Structure formats: C-alpha cells, structure tokens
Amino acid sequence: MSKKQDRKASGPISTSTAIKVEDLVKNYGDKAAVRGLSFEVKPGEVYGLLGPNGAGKTTTLKIVTGLLDPTDGNVSVFGLNPVNDAVRIKSMLGYVPETVQLYDSLSIREFLQFVASIRRMDPQTANTRAKELIKAFDLEKYFDTPAMALSAGTKQKIAVISALIHNPPLLILDEPMSGLDVRSSRILKDHLTYHIKRGGAILFSTHIMEVAERICTRVGIINQGKLVAEGTVKELRELVHEAGASLEEIFLHVTAEEEGVADTIKVLEEAFGEREV
Ligand SMILES: Nc1ncnc2c1ncn2[C@@H]1O[C@H](COP(=O)(O)OP(=O)(O)OP(=O)(O)O)[C@@H](O)[C@H]1O
Ligand SMILES: [Mg+2]
C-alpha cells in the first residue's frame, strides 16, 4: 500500500519536533530526485542539508514548505502536514527560495508592506522590524527603488528579510548566503545563531562548507536523493576516521567525489597546457 500522505487535516501543533521527514520520495515523471530520505530537525537545531548539484536539496526543502507534493513518504512540520495545513504552517515558517522572486514594480518598502499584510502582522511591529532589518542589511538607500532596478545580492537580502520579518519559529533557507556580501552574510549568520538561542529551528542548504561548519548543529549529506552521512561535524570526522578533516574533505569523501576531483584537475591542466601569451 502506498505511504503517500493522506489528505485529511493533521492534529494539533507539536513543539517537540520542528520537521520530521520519513522515507521521502519525489519523482519528476520517471526521474527520481529524492529516493527514501529521512531526517528530523528539533527546536534549537540548525540542520544543514549538503549535497552536490542535483542531489535533491531544493526538492526536499520545497516539499517541507508545502510548495511541492511528495511522491511518497511522510513529512510533518510541527506535527502538521505541509500540504493539508499549508496556511497554519506558513505562519510558523520563513522560507528563502533558491530563486528569489519579487514583483518588478514594487519597491522594497511596498514589498515588505505586502509581505507583512499577507502574514497579518501588526503594521507597527512590521514597520519597526522592516526598518531595523533594512538598516542591518544596509539597504536604506534602496528603500524606494523598484525591484527591477536592484542587484542580485540586494534582491537576495530582501528575500532573507521577508523570511525573518514575522519572527517565525522555523526557517527554511535554500542557499541563503548566495550573492550576499561579506558583511551581510556575517550579520545573517549571527542572526541565525540568535534565532537558535531563542529555541527556533533552521533547515538550510548550502554549498559553503565554512558556513555549514560554523552554524550547523547537525549536517545531513545527501547524494542522488539519499542520505549518505549525518551527524555533528565531529561525528562525521569520526565516520571518515580523520580527526582533523574539514567539512569539505568529509563531503568529498562521503559523496565519493574525492578521487574524481584530483583526476579532473589533472585532466584540465593537461587540456589547457602552458599559457602561450
Ligand atoms: N521541475 C523539475 N522537473 C524535472 N526534474 C527536476 C525538476 N526540478 C529538479 N529536477 C531534477 O531533480 C534533481 C534534484 O534537483 P534539486 O534542484 O532538488 O537539486 P539540488 O540538490 O537543489 O541541486 P543544486 O545544488 O544545483 O541546487 C535533479 O536531477 C534535477 O535535475
Ligand atoms: Mg538547489
């Protein structure tokens, strides 16, 4: 019998687990993107989902946020079903998508007012938080600029701000540091740590090993839609039997890309040869 989630509304909100993913499968037509993935994120945890391009990270995050239906398996967010309880879950969730989508003609001010209104925020709280976040991410000069005239990094900052503004207990962030300048990414990292200190939970994907190493309480490395390693960075070091291994080394080891990297570099060097001019 299929384990596909049934369509009934879930029960009450559970605060003991933020996210529970069990035997998740996602196929796009006959292409398997996620192949039996299970993991859990508890309040107070930053769970970093790492994996090579095409491993299934974005697909998994979209399913947890309720933007995509799973093919099979079970997903719950605070004990609720992301598909059936989408409205309740959205109010407890801040999501930064892989590809930022803003409204070209709306300024940052208008966009954040729009975000606050659909989240039914008290306008004064929304206004105060928007101002502080705008200041923190150094966006004051762009407050009234339409989105179409903003740089990619500035748009990314707005996506981050709109995920944080309603102070949700759960953040789901798909490569949140992508395109952020050094100062902003430092501010975001520190804010994420503060979010955790206050009992929040974070599930995020990143290709930046330094970020994962610095802020994750646990890491799940996926490859071709399957979990290949999971634990604290310390536990993963023990797994690969290398006390001083960096997360980059662990990653390449468990995704079996270590030898491939050395070979590829050699092949490229041979193909390019010495520079002639
Ligand atoms: N809409 C889609 N239709 C068909 N295949 C898709 C679709 N979206 C993703 N895929 C495929 O599913 C697999 C997982 O993609 P996904 O975007 O989840 O990977 P990812 O781990 O986020 O990769 P990246 O690090 O490049 O962001 C890939 O093979 C991808 O080509
Ligand atoms: Mg992705």
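H253 lies in helix 9 of this predicted model, where helices (H or I, at least four residues) and strands (E, at least two) are DSSP runs numbered from the N terminus. With 20 other C-beta atoms within 10 Å, H253 is buried, a class that requires 20 or more other C-beta atoms within 10 Å of the residue's own, against 12 or fewer for exposed and partly exposed in between, with C-beta atoms placed from the backbone.

**Numbering and confidence**
- Residues are numbered from 1 along each chain as its sequence is written, while chains are lettered from A and ligands numbered from 1 in the order in which they are written.
- Because the model is predicted, local features need pLDDT of at least 70 and side-chain atom pairs count only at pLDDT 80 or more, whereas totals for chains, interfaces and linings use all residues.

**Helix 9**
- Helix 9 (residues 247-254) is largely enclosed by the rest of the structure, because 6 of its 8 residues are buried.
- The buried residues are L247, I250, F251, L252, H253 and V254, and the helix is followed by A256, whose phi is positive, near 55°.
- From C-alpha to C-alpha, H253 and V87 are 41 Å apart in space and 166 residues apart in sequence.

**Ligand 1**
- The residues surrounding ligand 1 include Y28, K31, N53, K57, T58 and E98, a residue being near a molecule or strand if its C-beta atom, placed from the backbone, lies within 6 Å of it.
- Strand 2 (31-41) and helix 1 (57-65) each supply at least two residues of this shell, and helix 1 gives the largest share, 3 residues.
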